[in-house]
Amino acid sequence: MHHRRTAVLAAGLSPFVIGCQAGDAPAPDASSVTDSAGIEIVESAAPAWDGDGWRISDTPSVVIGRREGDERYLLGWVGWRRGSIVLRDGRIAILDGQSAQVRVYSPGGEHIEDWGGHGEGPGEYSSPSSIFPYRGDSILVSEFVASRFTILDDQGRFGRNVVPEMGVSFVTEWRKRMEEGDRSWMPSESCCRMWGTLSSGDFLLSYPEMIPNTGTGTKRGAVSAAIVAGSGGAAEGVGDFAGGAYQLGLQGRPLRFHFASEFAMAPGPDGFFATEGDAYSINEYDTNGRLRRMIRLTRELRPVTDDIKAAHEARLREQILAPGALIEGGSPEEVLEMMLAPPYPSHLPAFDHLLVDPEGNLWAGQSSYAGGGDDRTPDVNEFFVFAPGGRHLGVVEVPADLSVQRIGSDFILALTYDDLDVSYVHIYAIER
C-alpha cells in the first residue's frame, strides 16, 4: 500500500506560546502553542466548566426495542457503535443487520416504516453493518468492511451505490505481498473500516490494522487512514497510525494485549480527528488530511492493577464457561486458556471512541474497567468534552452498558442489550 504520509508526529517541534484569537481565549488552565510549521497545540490541565457541567439524564426519554410481542419493535443485530442515527426531523433510523432493513421510528419511538431488505437490487443489502447521516438530508448505509455504500434520501428512496476501489486495491496489494513471500505483517480483517462522511461528501475510511508477524518482544500494529471521494474511485492516504500492542514469539502467533489501545477517528465540521489511544492526545486534520491542531490533556494514564486483572479474568470465565455459551475453536476450557494467554500492558488505554456533536464539540470516550475492593471503579464510561479549538470543557459520565451512537445538541442516542442479548436503542437528554 502506498500512502501520502502527513506530519502526524510531534517529534522535532519547536513550540512557543502565542496569543489566542479574539473570542477564543482559553481559561488559565489551557494555553495555545504553535510550532514553526504552524501547527497549533492546545493543552489543558483542568476542565473549564465550573461546578458539575453537563450530565446525562438518569432515565431515557425514548426506548425502542422489546423482548417479545409486536415484531415492529423486535430489533435484530444492531451495530455496537454505528447502528442508528437521528434524522433532521427527529425520526430515529436503526439499521437492523439481521433483517437488512433500516427501521424508522417517530421522535417518540413509534414505528413508522421499514426500508430495504435482503437482496442485490437497488436499496437492498447483503450484509449491512453501519448507518451514517450524509449530505443534506441523505442517509448512507455501509455494508460489511466498507465494501459498498448505499445512499438514500430521507424517505428511504434509493439514490445510488458507491463501491470504493479501496477494498480491491488492498486485496491486490496483499496478494502481491504474499506471492513475494512477505509475511512480516498480516491484516486483522479482510478490509476496511468506515468512520463517517466529511463535510465535502467524501468518505473517511481506514485500511485494516496490520499486525506484525516476525521477531520477538512487544510491537505495535499499523493502521493507514484514507479519504475516498464521494463518487468512489481511488483512496487518498492521509496518514499512518499506531494500532494495538502485540507480544511476538508466544505460541507461534502475535498475541494482542488485554486492554490494548485502539486507533479511532471521527469526522468533524471541516475535517476529522484521530487518536492512537495510548495517550490523552488527539490530532485534528483538515479535509485534505493536513495536520491542523494537537489537542492534549495533562492527565496520567490509569495503571492496570491486580484488581482490574482479576475482575477482567472473572468476566471472561463467566462468559465462556456459562451454560449454553456458544463457543468456537475448542472446548470452553481450551478457549478460556487461549483468551487468558495475552499479556497485560502497564496502563489502560486513554481515548477509544471519538464523536462530534452538531456544535463542533469533540467527545472523546474512555472506557471504564471495574476492579475490586473498596476503590472499585464506578460502572460508567467517561466522555471528555473539548470545545471547538481544543479547549477541555469537562467530563460527562455515561453508564458503561450504553454504546453512544450519536450525540445531538441536547441528547445522546445509545445502544444497549439486556441479559438475553436483546437490542434496545435509547435516547437520553443532555442536561446542561
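This is a predicted model: local features need pLDDT of at least 70, side-chain atom pairs count only at pLDDT 80 or more; totals for chains, interfaces and linings use all residues.
Good morning. A residue is called exposed when its relative accessible area is over 50%, and buried when that area is under 20%.

Let me apply them at once to helix H2. On one side of H2, Asp306 and Glu318 are exposed. The buried residues of this helix are Ile308, Ala311, His312, Leu316 and Ile320. Viewed along the axis of H2, these buried residues fall within an arc of 155°, so they line one face of the helix. What do the buried residues of H2 pack against? Their partner is helix H3, residues 332-340. As for length, H2 runs over residues 306-320, and its 15 residues should span 21 Å at 1.5 Å a residue; the end C-alpha atoms are 21 Å apart, which agrees.

H1 covers residues 166-179, 14 residues in total, and reaches 20 Å from its first C-alpha to its last, close to the 20 Å expected. Its buried residues are Met166, Phe170, Trp174 and Arg177. Down the axis of H1 they fall within an arc of 60°, so here too the buried residues line one face of the helix. Val168, Arg175 and Glu179 are exposed on the other side of H1. After the helix comes glycine 181, which has a positive phi, near 85°.

I turn now to the chain as a whole. The chain contains three helices and 31 strands. It has 432 residues, of which 50% count as buried. Among contacts with a separation of 6 or more, 51% are between residues 24 or more positions apart.

Where does the largest nonpolar core draw its residues from? This core has 31 residues, and those with the most contacts inside it are Met265, Phe272, Ile282, Leu354 and Phe386. Several strands give two or more residues to the core, including S18 (217-228), S19 (235-250), S21 (264-268), S22 (271-275) and S23 (281-286). Strands S24 (291-297), S26 (362-366) and S27 (380-386) also belong to that group. The largest share, four residues, comes from S24.

Leaving aside residues up to four places away in sequence, phenylalanine 386 touches Ile282, Ile295, Phe351, Asn361, Leu362, Ala364, Arg391, His392 and Leu393. In that list, Ile282 is itself one of the residues with the most contacts inside the core.

Next, the charged side chains. How many salt bridges are there? The count comes to 19 salt bridges, and I shall present three of them.

In the second example, the side chains of glutamate 209 and arginine 256 meet in a salt bridge, at 3.1 Å from N to O. Glutamate 209 lies in the loop between strand S16 (203-206) and strand S17 (210-212), while arginine 256 lies in strand S20 (residues 253-256), so the pair ties together parts that are 47 residues apart in sequence. Glutamate 209 is buried, with a relative accessible area of 12%, whereas arginine 256 is partly exposed at 27%.

Glutamate 284 is buried, its relative accessible area being 8%, and arginine 292 counts as partly exposed at 24%. These two residues also take part in a network of salt bridges that links Glu40, Asp270, Glu284, Arg292 and Arg293.

My last topic is the disulfide. A disulfide is a covalent bond between the sulfur atoms of two cysteines. The structure holds one disulfide. Which cysteines form it? They are cysteine 191 and cysteine 192, and their sulfur atoms are 1.6 Å apart in the model. Cysteine 191 and cysteine 192 are both buried.

Thank you for your attention.

Technical notes
Residues are numbered from 1 along each chain as its sequence is written. Side-chain values use heavy atoms; hydrogens and water are left out. The expected span of a helix is 1.5 Å times one less than its number of residues. Buried means under 20% relative accessible area, exposed over 50%, partly exposed in between (1.4 Å probe, protein chains only). The arc is that of the directions from the helix axis to the C-beta atoms. A salt bridge is a side-chain nitrogen of Lys or Arg within 4 Å of a carboxyl oxygen of Asp or Glu. A disulfide is a pair of cysteine sulfur atoms within 2.5 Å. A nonpolar core is a set of buried Ala, Val, Leu, Ile, Met, Phe, Trp, Tyr and Cys residues joined through side-chain atoms within 4.5 Å. Contact means heavy atoms within 4.5 Å.
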